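Hello,

Here is the structure we talked about handing over. Please look through it first; my notes follow below.

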Amino acid sequence: MKWKAIKVAHNGYDKYIRGYIGEFLKWKFEPSKEGDYFYIEALEDNTYISIYDGSSSSKLYSNMSKFEYSFNKIKWYKLSKLPLKGGKFYFEKECDRIYLRNISGSIANTSSSGGRFFPTYESTPFKIGGDLHTVMFKYTDKVDTLGNFAFTNLFNNSYVADASDLILPATTVGRRTYSSMFYNSKKLKYAPKVLSAINFSGDECYSKMFSLCSSLVNAPELPATTLTEQCYFDMFRSCSSLTKAPKILPATTLAPNCYQNMFYSCSSLVTAPELPATELYSMCYYSMFYNCYALVEAPKLPATTLAASCYYGMFYNCPSLNKVVCLATDISATSCTNNWVTWVSSTGTFIKHPDMNGWSTGNNGIPNGWTVENYTE
C-alpha cells in the first residue's frame, strides 16, 4: 500500500502527516519559509528545554520582558506568561514548535565574555531555526551589520541538536562576532547551512564556533573571499563526526593564522575543501588538518610562493593521506613546510610544479617512500 501525504490545519498553521489511507502515523511539518521570528522545535515527544536553572540567568530568561511567544504565528503573548515547570518548558509532541520574537531592542553581546541564550541545564536535545536576528534585535529591524562580540558564546554548551534551518543573515560582522557560538554543544549534529558574512571588520569572527561539537556531521558554506586574522581559528576543532568540509573555501585574500587549526582533530574528515588562494600569509594554514586520520587526499595547493610557517604542521599525523599536489616553486620562507607531512601514509604520490627541483625528502618536504610526479593541467 502506498504512502499518502495529507495536508491539515493544526493550531493555526499547516502540517503534513504521512500514513496509510485511514490510518495516520506521525505529524510532520510542511516545509515553510521562515519569517520574522525564531523558533524552537521538539525533536521527540516530551521534549523539554530549560529557560531558567535557578542559579544562573540565560539571555532568554533575563530578557523575558523583551520577548513574545506564539504557537501559531497568529496570536502572540508575553514570554513572562509562558507556562514553566521548574524553569522548564515542555513540548508534548515531536515537531511541536514555539515561536519567539523580540519586541523591544538589542540583547546582542557587547563584551568578549558574551552570554548564553539557554542555560546549560537539564534539557533534552532540540532544534532551533528561523531568523536569529529577530530575537537578538527588534524583530521589525532588518540587521545586516553586527558589531564586535555580537553572538559570542550564544549557544555555548547548549543542548541544541539541529540548527540546519537557522538563518544568520548579516553580511558584515565585527570582531569575534560568532566566536564559540556553539562551543562544546555535544548534541549538535546539524550546523546552519550557510554563514552569510562576507565582510569582516575584525579578527576571530568564526573562531571556535563549533569546537568540541563531537556529533556534528555537516559544515556550513563559507562564502567570504577576504579573511581577517584568525577568523576560522579552531572553527571545527575536535568535531570527530565531521566527514565532509565545505566544498570550497573561496577566499583569495588571506590573513595571519586565518585557517589555523580549522579542522584540527576532525578524525573522520574524508574530504578537504578546495583552497584556491595563490597569495599566502604567515601561518595561514598552520596545522589546518592536524590529526585528520581519515583524510586521504590533500586539496590542491596552487600558490607558487610560500609564506612564513604557512604550511607548518598542515597535515601532521594524517596517516591515511597518500596524495599531495603542491605547485610551490619558492619554499624559502621561514618554517613554511616544517612538519607539514609528519606521520602521513608510508606510500603515496607527490605532484609538484615541473620547474621545482628544490624539495627535500622527509617530514618537511616530500614524504619518504612517495612517488614524485610533475604536474600537468
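**Thr124 and its surroundings**

The side chain of Thr124 reaches the backbone nitrogen of Tyr48 at 2.9 Å. The model is predicted: local features need pLDDT of at least 70, side-chain atom pairs count only at pLDDT 80 or more, and totals for chains, interfaces and linings use all residues. Residues are numbered from 1 along each chain as its sequence is written, and side-chain values use heavy atoms, with hydrogens and water left out.

Thr124 sits in the loop between β9 and β10 (strands are DSSP E runs of at least two residues, helices H or I runs of at least four, numbered from the N terminus). Its relative accessible area is 13%, so Thr124 is buried (under 20%, with a 1.4 Å probe and protein chains only). Beyond neighbours within four places in sequence, Thr124 is in contact with Thr47, Tyr48 and Tyr159 (heavy atoms within 4.5 Å).

**The sheet**

Six strands form an open sheet with mixed pairing, in the order β7-β6-β9-β4-β10-β11 (a pair needs at least two DSSP bridges). β7 (77–78) and β11 (160–167) stand at the edges with a single partner strand each, so one side of each has no neighbour in the sheet. β6 (residues 67–70) and β7 run antiparallel, joined by two bridges. Tyr69 has Tyr77 as its bridge partner in β7.

**The core**

The largest nonpolar core has 106 residues (buried Ala, Val, Leu, Ile, Met, Phe, Trp, Tyr and Cys joined through side-chain atoms within 4.5 Å). Phe155 and Phe182 have the most contacts inside it. Leaving aside neighbours within four places in sequence, Phe182 touches residues including Phe155, Ile128 and Met209.

Best wishes

Methods
Buried means under 20% relative accessible area, exposed over 50%, partly exposed in between (1.4 Å probe, protein chains only). A polar contact is a pair of N or O atoms within 3.5 Å; within protein, one must be able to donate a hydrogen and the other to accept it, and residues adjacent in sequence count only if both atoms are side-chain atoms.
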